[in-house]
Amino acid sequence: MKRNVVKQSVSMIMAVLLFLGAAGVNAPVQVHAQQKSEAVSETALKPIIIQAPMPIEGEHFAQRLKHVKVEKSGSFIFWIGTLDDYPVIVMKTGKGMENSAAATAIAIERYHPIAIINQGTSGGHDASLNVYDIVLGRRTTNIGSFKTPELAEGKGSDPMKWIPMDLLASEGSAGEDPNAEKIRYFDGDQKLLAAANAVKHKYTKGKVVEGTIGSADTWNNEIDRIKWFHEKFGTSVEEMEGASAAQIAGSYNVPLLVIRILSNNKVNQGKYNPNTAAANQEYVFEVVKQYISMIK
């Protein structure tokens, strides 16, 4: 008796499953999920990320975005919105090489950007550049990575004789590798550079030039030291974030350009002006609009 009941139950269940399969009950759910995945892959746009070390260097730009929402990760803040109907994210990275590197990695992993612009203020190394002039990072370099010559106790220290150290030259000890005794430059993305050059005529508060941007967790006030960087590294300006952002972006193959405005220049007595931060954001805003028109 029990066996007959079990057989009948199994038969009924099989009949129901066969009926549902024939009727295509499962098909709409599977197709819907597939269609949704295809729709996301076809329509989702990779955002452009604008990096700003300090609030003064990014909030002006963020206020011009539409449909903004704010997200946070640790101390990093992301203003997520649109510009010309294209996704743009302004992020506060915090100051310094470590903050910049970590923020860049998090942004890439989380938002998968099509490009990154690291922008903000800087101090001049080139006497021909004045406050409010803007430097497009044709290349960026770490001016805080050195190997010192051997000197015995009591012989002091001579920073002018320090040797550049390329931390990416090998996976072994860079301090022992003679091939690492060179300057590492990170090239700015050519398409971003083209967009920046295409709108430089719109910037009227100073000139816009291509140059070399130096980065380090150091604030240089010694004129001779600044001139030494300008001569040996070819630096136009110095700041504290660009090279580390470029290094991380390069490891992910994400296009990046550093754009820095001179907020002061000690080699020609150019006094610090905080209003340069907003002026640079106005220019970068035009660069982003141009870049969007190029990739749409």
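This is a predicted model: local features need pLDDT of at least 70, side-chain atom pairs count only at pLDDT 80 or more; totals for chains, interfaces and linings use all residues.

Colleague: How are helix 4 and helix 7 oriented to each other?
Modeller: Helix 4 covers residues 97-111, and its axis lies 8 Å from that of helix 7. The angle at which the two helices pack is about 30 degrees. Angles under 35 degrees count as roughly parallel. Helix 4 and helix 7 are therefore roughly parallel.

Colleague: Which residues of helix 7 make the contact with helix 4?
Modeller: Helix 4 passes helix 7 in a right-handed crossing. From helix 4, the contact draws on Met97, Ser100, Ala101, Thr104, Ala105 and Ile108. Helix 7 contributes Ala243, Ser244, Ala245, Ile248 and Ala249.

Colleague: How is helix 5 oriented to helix 8?
Modeller: Helix 5 spans residues 190-198 and helix 8 spans residues 276-295, and their axes come within 8 Å. The axes cross at roughly 120 degrees. That angle makes helix 5, in relation to helix 8, oblique.

Colleague: Which residues of helix 8 make the contact with helix 5?
Modeller: The crossing in which helix 5 passes helix 8 is right-handed. On the helix 5 side, the contact is made by Lys191, Leu192, Ala194, Ala195, Ala196, Asn197 and Ala198. On the helix 8 side, it is made by Tyr283, Val287, Gln290, Tyr291, Met294 and Ile295.

Colleague: Which strand gives the most to the lining of the largest pocket?
Modeller: The largest pocket has a volume of about 520 Å³. Its lining comprises 27 residues, and nearest its centre lie Ser122, Gly123, Trp219, Ser263 and Asn264. At least two lining residues come from each of strand 5 (115-124), strand 11 (235-239) and strand 12 (256-264). The element that gives the most, with four residues, is strand 5.

Colleague: How many polar residues are in the lining of the largest pocket?
Modeller: Six residues of this lining are nonpolar and eight are charged. The polar residues of the lining number 13.

Colleague: Where does the largest share of the lining of the second largest pocket come from?
Modeller: This pocket has a volume of about 160 Å³. It is lined by 14 residues, of which Asp187, Ala246, Gly250, Val254 and Leu256 are the closest to its centre. Strand 6 (134-142), strand 9 (185-187), helix 7 (242-251) and strand 12 each supply at least two residues of the lining. The largest share, three residues, is that of helix 7.

Colleague: What is the volume of the largest cavity?
Modeller: One cavity of 30 Å³ or more is found when the whole structure is searched. Among its 14 lining residues, those closest to the centre are Asn142, Ser145, Met165, Asp166 and Arg184. The lining has seven nonpolar, four polar and three charged residues. The space in the largest cavity is about 120 Å³.

Methods
Residues are numbered from 1 along each chain as its sequence is written. Side-chain values use heavy atoms; hydrogens and water are left out. Axes are lines fitted to C-alpha atoms, for helices over the stretch in contact, and angles run from 0 to 180 degrees between N-to-C directions. Angles under 35 degrees count as roughly parallel, over 145 as roughly antiparallel, 65 to 115 as roughly perpendicular and the rest as oblique. A crossing is left-handed if the near helix is turned anticlockwise from the far one by less than a right angle, and right-handed if clockwise. Contact means heavy atoms within 4.5 Å. On a 1 Å grid over the protein atoms alone, a cavity is a set of points where a 1.4 Å probe fits but cannot get out, and a pocket is an open set with protein on both sides within 12 Å along at least five of seven lines; lining residues have an atom within 4 Å of a point. Grid points are joined across faces, edges and corners, and a volume is the space filled by probe spheres set on the points. Ala, Val, Leu, Ile, Met, Phe, Trp, Tyr, Cys and Pro count as nonpolar, Asp, Glu, Lys and Arg as charged, and the others, Gly among them, as polar.
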